[in-house]
Amino acid sequence: MKAKEYLQQLKRLDILIKQKNKEVDNLRLKSKSTSSIDYSKEKVQTSPSGEASFVKLIGRIVDLETEISQEINIFVEEKHKIINQIQKLNNADYIRLLYKRYVEYKSLERICVEMGFSYDYIKHLHGCALKDFEDKFLNSTLNNT
């Protein structure tokens, strides 16, 4: 795995969590909406079918909330690990750039402004920082296994 892919996993996890939260919000909204009852049909069941679907809906919400909680725990652990790895680099500019890019999800254009460097220099610095990160953490991991 390349450094860029490794570091981008934080954003991917964050996106997945946000999407599942949105799905839970939609399911909650759906659970609060009322449905009309069709009295023209004979009722054979002892419990209304609407109640069964409501129970399924609530079950799905609970399952999703459990998944979200687990994914948040993974996200927090990975974020802490990656931040610690970034902070172990020796070059202060690499640390600032990688933190802004992969922890704060800022664009290279935004980072240029914040760090006071040209876009071309930031692109070059980004490549060097990724190489240093990869050499220090990813290649050494592959060589030790």
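User: How many salt bridges does a search of the whole structure find?

Analyst: Side chains of opposite charge can pair when their charged atoms come close. A salt bridge here is a side-chain nitrogen of Lys or Arg within 4 Å of a carboxyl oxygen of Asp or Glu. The search of the whole structure finds 13 of them. The model is predicted: local features need pLDDT of at least 70 and side-chain atom pairs count only at pLDDT 80 or more, whereas totals for chains, interfaces and linings use all residues. Residues are numbered from 1 along each chain as its sequence is written, and side-chain values use heavy atoms, with hydrogens and water left out.

User: Which residue forms a salt bridge with Glu23, and which parts of the chain does the pair link?

Analyst: The partner of Glu23 is Arg60, with the closest N and O atoms 3.5 Å apart. This pair links distant parts of the chain, since Arg60 is in helix H2 and Glu23 in helix H1, 37 residues apart. Helices (H or I, at least four residues) and strands (E, at least two) are DSSP runs, numbered from the N terminus. Glu65 and Arg28 also meet through their side chains in a salt bridge (1.9 Å, N to O); Glu65 lies in helix H2 and Arg28 in helix H1, again 37 residues apart.

User: Where do Asp135 and Lys131 lie?

Analyst: Both residues belong to helix H5, 4 residues apart, about one turn of the helix. Elsewhere, salt bridges that share partners join Lys100, Glu104, Lys106, Arg110 and Glu114 into one network.

User: How many helices and strands are there in the chain, and which residues have the most contacts inside the largest nonpolar core?

Analyst: The chain has 5 helices and 0 strands. In soluble globular proteins, nonpolar side chains tend to be buried together. Buried means under 20% relative accessible area, exposed over 50%, and partly exposed in between (1.4 Å probe, protein chains only). A nonpolar core is a set of buried Ala, Val, Leu, Ile, Met, Phe, Trp, Tyr and Cys residues joined through side-chain atoms within 4.5 Å. The largest such core has 33 residues, and those with the most contacts inside it are Leu7, Ile86, Leu97, Leu98, Ile122 and Phe133. Helices H1 (3–32), H2, H3 (92–102), H4 and H5 (119–144) each supply at least two residues of this core. Of the 145 residues of the chain, 30% count as buried.

User: Which residues of helix H4 are buried, and why do they line one face of the helix?

Analyst: The buried residues of H4 (residues 108–115) are Leu108, Ile111, Cys112 and Met115. Seen down the axis of H4, these residues fall within an arc of 110° (taken from the directions from the helix axis to the C-beta atoms), so they line one face of the helix. Ile122 touches each of Leu108, Ile111, Cys112 and Met115, and also Leu97 and Phe117, not counting residues up to four places away in sequence. Contact means heavy atoms within 4.5 Å.

User: What phi does Tyr105 have, and where is Tyr105 found?

Analyst: Most residues other than glycine have a negative phi. Tyr105 has a positive phi, near 60°, and is found in the loop between H3 and H4. Tyr105 is partly exposed, with a relative accessible area of 25%. Just after H4, Gly116 takes a positive phi of about 75°.
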